[in-house]
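Have a look at the model first, and then read on.

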Amino acid sequence: MSKSALACLAAIVVLGAAAPVAAQTAPQVPAAAQGAEQQAKVALVRRYFDAIQFDKLMNVMMESMMASMMENGRIPEDKIPVLREAALEAFGNVLPQMVEANIEIYAEAFTLEELEQLVAFYESPVGRSLMAKTVVLSRQSGEMIQRFQPVMQEEMRRQLCARIECPAAPPVVVAPSAGARAKP
């Protein structure tokens, strides 16, 4: 078992063992107060998602995944527009459900105070600037990852072949970025 898998297993065991103790020693909060706090947390998560442009980030992620799917050559060229249209429509139909599920996850993960601070930051001028740049940088990072995919595959092959016998393969070169100039 890998070190990270062991660490995750250990964390689950420790947290699982601690949960009954925490439940016994935690002060009981009235249900009405829990409901009001949960509602406040959900409202703050919604503001946070608006501030970080969650829907745009999800769309960038979807576009990146679609680009990878379509570049593998297994989809006939004439089917790509239809696949893209169907995938985007499906994603648009499911996105609201994904957002709602994520709202619940975030509301459980963060305290009310943490959410207030996150919202304050991301609604500030610096936070808005960060998010405007994040959407663009996410696209650029996705393109960079696609350029390095052959190099990563070659490195994976090299690592595997260092452990088992493999036939030799030609070296792989990273494609230049769109803004890079060719060297003479």
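## Helix packing around α3

Helices α3 and α6 are roughly parallel to each other, a label given to angles under 35 degrees. This is a predicted model, where local features need pLDDT of at least 70 and side-chain atom pairs count only at pLDDT 80 or more, while totals for chains, interfaces and linings use all residues. Residues are numbered from 1 along each chain as its sequence is written, and side-chain values use heavy atoms, with hydrogens and water left out.

**α3 with α6**

- Helix α3 covers residues 54–71 and helix α6 covers residues 125–161; they pack at an angle of about 15°, with their axes 10 Å apart. Axes here are lines fitted to C-alpha atoms, for helices over the stretch in contact, and angles run from 0 to 180 degrees between N-to-C directions.
- The crossing of these two helices, α3 and α6, is right-handed, meaning that the near helix is turned clockwise from the far one by less than a right angle.
- On the α3 side, the contact (heavy atoms within 4.5 Å) is made by K56, L57, V60, E63, S64, A67, S68 and E71. On the α6 side, M131, T134, V135, S138, R139, G142 and Q146 take part.
- By class, this contact of α3 with α6 has five nonpolar, six polar and four charged residues. Ala, Val, Leu, Ile, Met, Phe, Trp, Tyr, Cys and Pro count as nonpolar, Asp, Glu, Lys and Arg as charged, and the others, Gly among them, as polar.

**α3 with α4**

- Helix α4 (residues 80–109) packs with α3 at an angle of about 145°, and their axes are 10 Å apart.
- α3 passes α4 in a right-handed crossing.
- From α3, the contact draws on F54, D55, M58, N59, M62, M66, M69 and M70. From α4 come I80, L83, R84, A87, L88, F91, L95, M98, V99 and N102.
- The contact of α3 with α4 divides into 14 nonpolar, two polar and two charged residues.

- Q53 lies in the loop between α2 (31–51) and α3.
- Phi of Q53 is near 55°, a positive value in a residue other than glycine. Most residues other than glycine have a negative phi.

**The whole protein**

- The secondary structure comes to six helices and zero strands, counted as DSSP runs (H or I, at least four residues, for helices; E, at least two, for strands) and numbered from the N terminus.
- Of the 184 residues, 18% count as buried, which stands for under 20% relative accessible area with a 1.4 Å probe, protein chains only.
- Among contacts between residues at least 6 apart in sequence, 72% join residues at least 24 apart.

Definitions and conventions:
Angles under 35 degrees count as roughly parallel, over 145 as roughly antiparallel, 65 to 115 as roughly perpendicular and the rest as oblique. Buried means under 20% relative accessible area, exposed over 50%, partly exposed in between (1.4 Å probe, protein chains only).
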